[in-house]
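The sequence and structure come before the discussion.

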Amino acid sequence: MKITKLFFFSLLIIVAASCGTKSKKGAWTADDKDKFNKEMEKAKSTLAPNLGDNMQKFIDCYYDKVQANYENFDEANKDEDGAKKYAKDCILSSIILSTP
């Protein structure tokens, strides 16, 4: 009986710990990263003419900046001014860094 109780108690702790996983600045969950990637896929057609081969550098830069400054994707997605600032910074750095 003690083993059964111990098993269920251990299972309860594992389930509770896994349910508590949520994004934080600098460490987004896979779900938030997936949301980000889906939005970038939608934006690629608009950005591609300006970025060309630098598209992935831009996406990597932009992801790093928003993940570091927002708790999760939804928070980042609400801040249009911040999005514009980080996008501008990343466009400039991805173009400048790739210039020979």
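## Lining of the largest pocket

H2 is the element that gives the most to the lining of the largest pocket, contributing six residues. The model is a predicted one, and in it helix H2 (30-51), helix H3 (55-69), helix H4 (73-78) and helix H5 (80-98) each supply at least two residues of that lining.

The volume of the largest pocket is about 290 Å³. Its lining consists of 18 residues, and those nearest the centre of the pocket are Glu39, Met40, Tyr62, Asn77 and Ala83. Sorted by class, the residues of this lining comprise 13 nonpolar, two polar and three charged.

## Packing of H2 and H3

The axes of H2 and H3 lie 10 Å apart, and the two helices pack at an angle of about 140°; H2 is therefore oblique to H3. The crossing that H2 and H3 form is right-handed.

On the side of H2, the contact is made by Lys33, Phe36, Met40, Lys44, Leu47, Ala48 and Leu51, while H3 takes part through Met55, Phe58, Ile59, Tyr62, Tyr63 and Val66. By class, the contact between H2 and H3 holds 11 nonpolar and two charged residues, with no polar ones.

Terms used:
Residues are numbered from 1 along each chain as its sequence is written. This is a predicted model: local features need pLDDT of at least 70, side-chain atom pairs count only at pLDDT 80 or more; totals for chains, interfaces and linings use all residues. Side-chain values use heavy atoms; hydrogens and water are left out. On a 1 Å grid over the protein atoms alone, a cavity is a set of points where a 1.4 Å probe fits but cannot get out, and a pocket is an open set with protein on both sides within 12 Å along at least five of seven lines; lining residues have an atom within 4 Å of a point. Grid points are joined across faces, edges and corners, and a volume is the space filled by probe spheres set on the points. Helices (H or I, at least four residues) and strands (E, at least two) are DSSP runs, numbered from the N terminus. Ala, Val, Leu, Ile, Met, Phe, Trp, Tyr, Cys and Pro count as nonpolar, Asp, Glu, Lys and Arg as charged, and the others, Gly among them, as polar. Axes are lines fitted to C-alpha atoms, for helices over the stretch in contact, and angles run from 0 to 180 degrees between N-to-C directions. Angles under 35 degrees count as roughly parallel, over 145 as roughly antiparallel, 65 to 115 as roughly perpendicular and the rest as oblique. A crossing is left-handed if the near helix is turned anticlockwise from the far one by less than a right angle, and right-handed if clockwise. Contact means heavy atoms within 4.5 Å.
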